Amino acid sequence: MTAARSAPGSALSADATSARATKRIVRDGESDLVAIEEPLEIRVDGEPIAVTMRTPGHDEELAVGFLYGEGLLKRLPAVGLTDDLAANTIEVGGPLTHEPGTRRFYTTSSCGVCGKGALEEVAVHSPPLPAGPLVERDLLASLPDRLVPPGFAHPGGRPATGLFDSTGELLCVREDVGRHNAMDKVLGWALAEGRMPLHNALLCVSGRLSFELVQKAAVAGCPILVGVGAPTSLAVELAADRQMTLCGFARRGRVNVYTGAARVLG
């Protein structure tokens, strides 16, 4: 392959990424900002594997994190533009851990598992999570307040995912019109930084806790996942099965613990 390759960590600057992420429109006669939504095609060794609707920026991280979360990658691959420099397309070097077969992925910005026929197709196997850190309840409740991505306060703000260490220090934050894409971008960053698996880390999302977010966190080995919104029933079931600490409604100094309460102090 002749196209230049780069690690996900070599993403655009924050200013450049922010400029690509929003578009100015006229609303009720006034200027406003909205989040950009465009398709991204992910290819592996020239073969299209997935198309996702996303906010442009950190596309290499998104591609790598998506494949990792699907159990198709175990290490950082070569990743970058395609040989034909096709717009909105990222090339990932194989091989994958296994063939995805005839299944191809199409995801929207609202749902990371749409179009995937049956539950067993999205239940990527991951072992039960390790003991992980013990964390004060107050710290878990405070994580959304520490989740401050650039542009998050703008009208049309994008869902965010943050990766924290066990003391609550923010290590990486990404945002995207798709909450699952924001998670994938963080996982891609973590893989590039040699932080996988995330056995001693915390993940926090700015919205609801859906099945696919729990799945991605479990595959990444993260024992604690916190959300500002409510979990779905399937998210709670999967978190309990993988022995994950799942916390929702983290706001105003309070948090609900749905599974894995043994890791929560206080």
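Mentor: In this predicted model, a helix is a DSSP run of H or I with at least four residues, and a strand is a run of E with at least two. With those terms, Gln 243 is placed in the loop between α7 (233-241) and β13 (245-251).

Trainee: What makes the phi of Gln 243 worth noting?

Mentor: Its phi is positive, about 60 degrees, although Gln 243 is not a glycine.

Trainee: Is Gln 243 buried, partly exposed or exposed, and how do you know that?

Mentor: Gln 243 has a relative accessible area of 44%. Buried means under 20% and exposed means over 50%, so a value of 44% falls in between and Gln 243 is called partly exposed.

Trainee: What is the phi of Asn 88, and where does Asn 88 lie?

Mentor: The phi of Asn 88 is near 55 degrees, again a positive value in a residue other than glycine, and Asn 88 lies in the loop between β5 (79-80) and β6. Its relative accessible area is 29%, between the limits of 20% and 50%, and therefore Asn 88 is also partly exposed.

Trainee: What makes the peptide bond from Gly 94 to Pro 95 stand out?

Mentor: That bond is cis, with omega near 5 degrees, and Pro 95 has its place in the loop between β6 (89-92) and β7 (105-107). The bond from Met 196 to Pro 197 is cis as well, with omega near -5 degrees, and Pro 197 is found in the loop between α5 (179-192) and β11 (201-205).

Trainee: Why is the contact of Arg 54 with Asp 59 called a salt bridge?

Mentor: The rule asks for a side-chain nitrogen of Lys or Arg within 4 Å of a carboxyl oxygen of Asp or Glu. The closest N and O atoms of Arg 54 and Asp 59 are 2.8 Å apart, which is within 4 Å, so the pair qualifies. By this rule the count comes to 8 salt bridges.

Trainee: How do you know whether Arg 54 and Asp 59 are buried or exposed?

Mentor: Arg 54 has a relative accessibility of 0% and Asp 59 has a relative accessible area of 7%; each value is under 20%, so both residues count as buried.

Trainee: What makes Asp 176 and Lys 185 a salt bridge?

Mentor: Their side chains meet at 2.7 Å, N to O, which is within the 4 Å limit, and therefore the pair is a salt bridge. Asp 176 is buried at 0%, and Lys 185 is buried at 1%.

Trainee: Which residue forms a salt bridge with Asp 184?

Mentor: Lys 216 does, with the closest N and O atoms 2.9 Å apart. This pair links distant parts of the chain, since Lys 216 is in helix α6 (residues 211-219) and Asp 184 is in helix α5, 32 residues apart. Lys 216, at 3% relative accessibility, counts as buried, as does Asp 184 at 0%.

Trainee: Which residues do salt bridges that share partners join into one network?

Mentor: Glu 38, Arg 54 and Asp 59 are joined in this way.

Key: Residues are numbered from 1 along each chain as its sequence is written. This is a predicted model: local features need pLDDT of at least 70, side-chain atom pairs count only at pLDDT 80 or more; totals for chains, interfaces and linings use all residues. Side-chain values use heavy atoms; hydrogens and water are left out. Buried means under 20% relative accessible area, exposed over 50%, partly exposed in between (1.4 Å probe, protein chains only).
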